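Hi,

Here is the structure I promised to pass on.

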Amino acid sequence: MKVYDLVEGRVLFAFVVICATTVSYSQEKRFGLGLIFGEPTGVSGKMWTSEQNALDAGFAYSFRRRGYLHLHTDYLWHFPNAFHSSERFVPFAGIGGRKF
């Protein structure tokens with residue numbers, strides 16, 4: 001195992017833990033933006049269309065493969081009453097498309 005892979009893995013783990021423990025503002029507001037890290041790198045967004053439905057989309061560009069563009073969009077159905085818990089866990093399902 002290379003040192004670079006070990007450091008990259010630790011950074012990814014720390015990032016996931018930080019994101020998992022913060023409150024998602026997209027849940028409280030009608031619109032949220034995020035970043036896509038990795039390969040490709042870009043931005044993502046989520047717009048709520050109702051209390052249980054949302055659209056999400058992403059746009060990313062590859063710096064390794066010039067000209068590689070990633071676009072995706074999904075329509076999401078959320079099920080807020082699927083689990084009765086004090087935690088904020090809302091499962092969802094969706095359908096969408098991707099162009100790359």
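Below is what turned up, starting with the whole chain and ending with the rings.

Keep in mind that this is a predicted model, where local features need pLDDT of at least 70 and side-chain atom pairs count only at pLDDT 80 or more, while totals for chains, interfaces and linings use all residues. Residues are numbered from 1 along each chain as its sequence is written, and side-chain values use heavy atoms, with hydrogens and water left out.

The protein chain has two helices and five strands (DSSP runs: H or I of at least four residues for helices, E of at least two for strands, numbered from the N terminus). Along the sequence the order is α-α-β-β-β-β-β. Of its 100 residues, 17% are buried (under 20% relative accessible area; exposed is over 50%, partly exposed in between, with a 1.4 Å probe and protein chains only).

Now the rings: the whole structure holds two aromatic pairs (Phe, Tyr or Trp rings, using the six-membered ring of Trp, with centres within 6.5 Å; planes under 30 degrees apart are stacked, over 60 edge-to-face, the rest tilted). In one, tyrosine 61 and phenylalanine 63 have ring centres 5.4 Å apart and planes at 85°, so they sit edge-to-face. Tyrosine 61 is partly exposed at 28%, whereas phenylalanine 63 is exposed at 54%. Tyrosine 75 and tryptophan 77 are also edge-to-face, because their planes are at 80°, with centres 4.9 Å apart. Tyrosine 75 is partly exposed at 29%, and tryptophan 77 is partly exposed at 38%.

Cheers
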